[in-house]
Amino acid sequence: MTEQHILKNYITVLEAAGLYKGASESFPENAEVSGLTYDSKGVKPGTFFVCKGAAFKEQYLEDAKSRGAVAYVSEIIYENVALPYIQVSDIRVAMPYLAELFFNSPEKKLHLTGVGGTKGKSTTAYYIKSVIDDYVSANNGKESAVISSIDVYDGVERYESHITTPENIELLSHFDHAASSGIKYLTMEVSSQALKYDRVDLIHFNVGIFLNISEDHISPIEHPDFEDYFSSKLRLFAQTENALICTNADYFDRIRESAKASANVLSFGTIPESDIYGYDIKKVDDEIRFRVRFTCPKDVSVDIQDFDEPFVLTMPGLFNVENALAAIGTAIFYGIPYEYMYSGLKKARSSGRMEAYTTKDKNVIAVVDYAHNKLSFEKLFSSTKEEYPEYDIISIFGCPGKKALVRRRDLGTIAGHYSKKVYIVAEDPGAEPYIDIAEDIAQYVKAEGCPYELIEDRGEAIKDAIINSSGKTIILITGKGNETRQKYGNEYLDCPSDVEFTKKYISEYDARN
């Protein structure tokens, strides 16, 4: 049960943070707070309601009042709504202080891992989860929690996600669920937007991971330029006790310098100087095999001895070795023995990540993956060409509306360079017309001399690519993975996932052949 507080405690916390500007004359200081939310639909009697966001409407506050809100907190005073209030100077900065008080800092009861970077966050999160789950299961512990762009599990709730890092109040609610359920470990993705807009303020990570960096999320509603994007991501280290940094990352020297804000730092990568060095990487049948040499620096103290041991991944993609090394580094910081690193990584899966489906005649391989930015596309397409040199590549993808605009150039160029044909489909177009997005991408595909087709419906494109393929073909279906919703306007509409479509049309192909 969430610990309850009285309203005057919130004033005290906000005053100490320098955010308090005043309260209504008849403010009920001794009123009990039984809920905290910014969603008017979730208000129940006794809820302290948070007014946030550029799109906030006074009607939301009226709705909160009608549902029993005890008071509200806002940068703006709504004179037409007869409800007690606290006024603050910055509501986004204030939210973490409110949540920490209401939920009583539940993250302090958890081993909290934050995963940052442009690509590979969700795969790394699930690699870590698989290793930890093997370890805690052997010690009669509970399944670890995860908050990712794929789904959320916190011991109470398990559902498909549609955002990488939720707002702070939601995060603390998940932490509270996990701690109350007896869960000891929680792994989460940390986005640049979460760091920039204070969603993870006051949260201390036991382990923080920086995988890589590449231009992404540059748009009027995200980051104005690469420097803003990069510097936002680097903020992770100031909140991290034990940092893991990838030696293969661009701008590594700057990343390493920023990582000094953390108490302990280990490097990982396929460069020999890495503290956690992955080498002898090879594909053997459906497995990726490699060795890892761990050499602990003198200024870092961990409970795991230096080692040089073999590892196996059964999830496709040579590039996933870097993600696996990050998971191994996390296990080292948590003192998890090698046997669980090995067993966890060998069985690790991430729903919608590098899921491969092959026709009975072996002529068609369809790979469903979440790859959706320049760095993930470069890794996916180059790795596919290396692993399947005798197969032609057909790609199916789109780009979201109104954001990450540079992706249209990058993805179109990369797919056009590697592919025999490209299908440009809908991928959360939101408020922007699909055809405008598709034609924008198409110009870059065309510039690479690659044939393309515009088919809005993802299922139709997947069907056409599989059923009408000729010769040995590998189809890369990217962007949505196992998601079952598509964003049009401001709504998320239910739809079959790419995985469902792929299984259906692989079966249809087999029946015809």
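Me: How many strands form the open sheet that includes β19, and in what order do they stand?

Reply: This is a predicted model. In general, strands of a sheet pair through backbone hydrogen bonds, either parallel or antiparallel. Here six strands form an open sheet, and reading across gives β19-β20-β24-β21-β22-β23, with mixed pairing. At the edges are β19 (355-358) and β23 (452-454), each of which pairs on one side only. On average, neighbouring strands of this sheet are turned by 15 degrees against each other, direction ignored.

Me: In which sense do β22 and β23 pair, parallel or antiparallel?

Reply: Strand β22 (residues 421-424) pairs with β23 in the parallel sense, over three bridges. Within this pair, Tyr423 stands opposite Glu453 in β23.

Me: Which strands does helix α12 lie across, and which does helix α13 lie across?

Reply: Helix α12 (residues 406-418) lies across β21 (392-397) and β22, and runs at about 155 degrees to β21. Helix α13 (residues 434-447) lies across β21, β22 and β23, at about 175 degrees to β23.

Me: Is Thr384 buried or exposed?

Reply: A relative accessible area under 20% counts as buried. Thr384 has a value of 4%, so this residue is buried. Thr384 is found in helix α11 (residues 374-387). Leaving out residues up to four places away in sequence, Thr384 touches Ile393, Ile474 and Leu476.

Me: Why is one side of β11 and of β18 left without a neighbour in the sheet?

Reply: The sheet in question is an open one of eleven strands, in the order β11-β10-β9-β12-β8-β13-β14-β15-β16-β17-β18, with mixed pairing. Strands β11 (158-160) and β18 (307-313) stand at its edges and have a single partner strand each, so one side of each has no neighbour in the sheet. Neighbouring strands here are turned by 20 degrees against each other on average, direction ignored. As an example of pairing, β9 (residues 145-147) and β10 (residues 151-153) run antiparallel and are joined by two bridges. Ile147 stands opposite Val152 in β10.

Me: Which residues have the most contacts inside the largest nonpolar core?

Reply: They are Ile276, Ile328 and Ile332, in a core of 84 residues. Helix α9 (residues 320-334) supplies the largest share of this core, ten residues. Ile332 illustrates the contacts: setting aside neighbours within four places in sequence, its partners are Leu266, Ile276, Phe294, Val302, Ile304, Phe307 and Met341. A second, separate core has 50 residues, including Val88, Ile169, Leu172 and Val200. Ile169 and Leu172 are also among the α5 residues that meet α3.

Notes: Residues numbered from 1 in each chain as written. Predicted model: local features only at pLDDT ≥ 70, side-chain atom pairs only at ≥ 80, totals over all residues. Heavy atoms only, no water. Pairing = 2+ DSSP bridges. Helix = DSSP H or I, 4+ residues; strand = E, 2+ residues; numbered from the N terminus. Axes fitted to C-alpha atoms, helices over the stretch in contact; angles between N-to-C directions. Core = buried A, V, L, I, M, F, W, Y, C linked by side-chain atoms within 4.5 Å. Buried < 20%, exposed > 50% of the residue type's maximum accessible area, 1.4 Å probe, protein only. Contact = heavy atoms within 4.5 Å.
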